[in-house]
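Welcome, and please open the viewer with the model loaded. This tour tells you what to select at each stop and what you will find there.

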Amino acid sequence: AQLRGEYVVERGAVTRPTIHVVLDEGDRHNLPQLPQREDAEERAEPIDYLIRQFSISDAQLRFEDRRQRLDARLPITSIEVQGQQVGRHRVRLMAGGGQVRLQDRRADIERIAGDLVIDRDAIRVQQLELGATGTRVTFSGTLMQFENPRYDLALNADFDVAQLAVLAGIPDPAGGSLRAEVTASGPLETLTAKAKVSGSDLSFRNLDRMQLVVAASYDRAAQQARLARLEVAAPVGNIEARSVIALNRDAGTSQLDADVRALDVEHLMRAL
């Protein structure tokens with residue numbers, strides 16, 4: 001049977017639910033599977049619904065992938081859903097105090113906070129924040145037209161290199177901080193993206209006091225990627241570069257301009 005008409009939930013609440021998703025070594029899982037519809041190839045009519053107020057509190061979410069020895073646990077303080085009109089709902093999320101274990105490595109999930117609006121054909125993220133071991137990320141943006149997606153996204157992230165190196169299982173000493181700013185907009189066919197990465201007091205093995213600035217862009221319609229700016233300053237030497245990369249034969253000519261100054265090749269080779 002197919003649901004039709006308009007459905008309204010006036011008020012609802014769930015307290016202290018526990019969700020545990022398991023993927024085992026035989027690729028089996030405990031996720032529910034809906035039966036295949038006989039008319040699955042026909043396009044289903046959208047259901048008009050309104051959830052005026054609904055909340056989930058004190059939830060426990062666990063995802064376990066035994067193939068990869070991955071175990072993620074996240075206590076969820078609250079999820080609040082408030083209907084603004086039929087087909088449009090505002091969702092607020094607060095969570096934190098969780099952990100992710102991958103083999104013998106561990107990361108703490110300190111905070112997740114989200115505020116988004118879900119429409120029939122769009123998701124608008126007012127703000128999504130993630131605080132975890134060595135990482136701070138904020139995200140905002142809009143995804144429109146699900147069948148022919150169009151994006152307008154912005155992401156800012158700060159990383160502690162020393163903590164991330166430990167989580168990644170890199171045995172060599174590393175340190176410093178990185179900040180990334182990324183924006184992307186447009187449909188996939190003409191997507192454009194820009195990124196800027198800056199690093200301060202970076203170190204790896206016996207290379208130290210490195211400063212980094214990278215600014216790059218991508219234009220799918222033009223089939224080009226541009227490195228507008230690359231600057232590396234360190235006691236071992238200085239590098240400045242710019243480049244254009246043509247991603248196919250019709251996108252023009254690739255080129256690279258680089259300026260390397262005072263490079264201590266012996267020191268660099270010993271480090272690498």
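## First stop: strand E11

Select Leu-143, which counts as partly exposed at 25% relative accessibility; the class covers values between buried, under 20% relative accessible area, and exposed, over 50%, computed with a 1.4 Å probe on protein chains only. Before going further, note that this is a predicted model, where local features need pLDDT of at least 70 and side-chain atom pairs count only at pLDDT 80 or more, while totals for chains, interfaces and linings use all residues. Residues are numbered from 1 along each chain as its sequence is written, and side-chain values use heavy atoms, with hydrogens and water left out.

Leu-143 sits in strand E11; helices (H or I, at least four residues) and strands (E, at least two) are DSSP runs numbered from the N terminus. Now show what surrounds Leu-143: setting aside neighbours within four places in sequence, Leu-143 is in contact with Asp-121, Ala-122, Ile-123, Pro-149, Arg-150 and Tyr-151, where contact means heavy atoms within 4.5 Å. Then draw a distance from the C-alpha atom of Leu-143 to that of Asp-158: the two are 15 residues apart along the chain and separated by 24 Å.

Next, select Thr-142, also placed in strand E11, which spans residues 135-144. Is Thr-142 buried or exposed? With 17% relative accessibility, Thr-142 counts as buried. Beyond the neighbours within four places in sequence, the contacts of Thr-142 are Ile-123, Arg-124, Arg-150, Tyr-151, Asp-152 and Leu-153.

Most residues other than glycine have a negative phi. Keep that in mind for the next two selections.

Select Asp-27, in the loop between strand E3 (18-23) and strand E4 (48-51). The phi of Asp-27 is near 65°, a positive value in a residue other than glycine. Asp-27 is exposed, and its relative accessible area is 53%.

Move on to Gln-103, found in the loop between strand E8 (98-102) and strand E9 (105-118). Here phi is near 55°, again positive in a residue other than glycine. Gln-103 counts as partly exposed, at 42% relative accessibility.

Side chains of opposite charge can pair when their charged atoms come close. How many salt bridges does a search of the whole structure find? The search finds 24, taking a salt bridge as a side-chain nitrogen of Lys or Arg within 4 Å of a carboxyl oxygen of Asp or Glu.

- Select Glu-129 and Arg-111, whose side chains meet in a salt bridge at 3.3 Å, N to O. This pair links distant parts of the chain, with Glu-129 in strand E10 (residues 122-132) and Arg-111 in strand E9, 18 residues apart. Glu-129 is partly exposed at 23% relative accessible area, and Arg-111 is partly exposed at 37%.
- Select Arg-62 and Glu-64, which form a salt bridge with an N to O distance of 3.6 Å. Arg-62 is partly exposed, with a relative accessible area of 21%, whereas Glu-64 counts as buried at 13%.
- Select Asp-259 and Arg-261, joined by a salt bridge of 2.9 Å, N to O. Asp-259 counts as partly exposed at 34% relative accessibility, and Arg-261 is partly exposed with a relative accessible area of 34%.

Select Asn-206, Leu-207, Asp-208, Met-210, Ala-234, Pro-235, Val-236 and His-267, the lining of the largest cavity. A cavity is a set of points on a 1 Å grid over the protein atoms alone where a 1.4 Å probe fits but cannot get out, and lining residues have an atom within 4 Å of a point. The count is 1 cavity of 30 Å³ or more, and the largest cavity holds about 30 Å³ of space; grid points are joined across faces, edges and corners, and the volume is the space filled by probe spheres set on the points.

Strand E15 (residues 207-219) gives the largest share of this lining, 3 residues.

## Last stop: the whole chain

Zoom out to see the protein chain, with its 2 helices and 18 strands. The C-alpha atoms fill a box of roughly 75 × 45 × 40 Å along the principal axes. Buried residues make up 24% of the 272 residues.

Methods: 1 Å grid on protein atoms, 1.4 Å probe; cavity = no way out; pocket = protein on both sides within 12 Å on 5 of 7 lines; lining within 4 Å.
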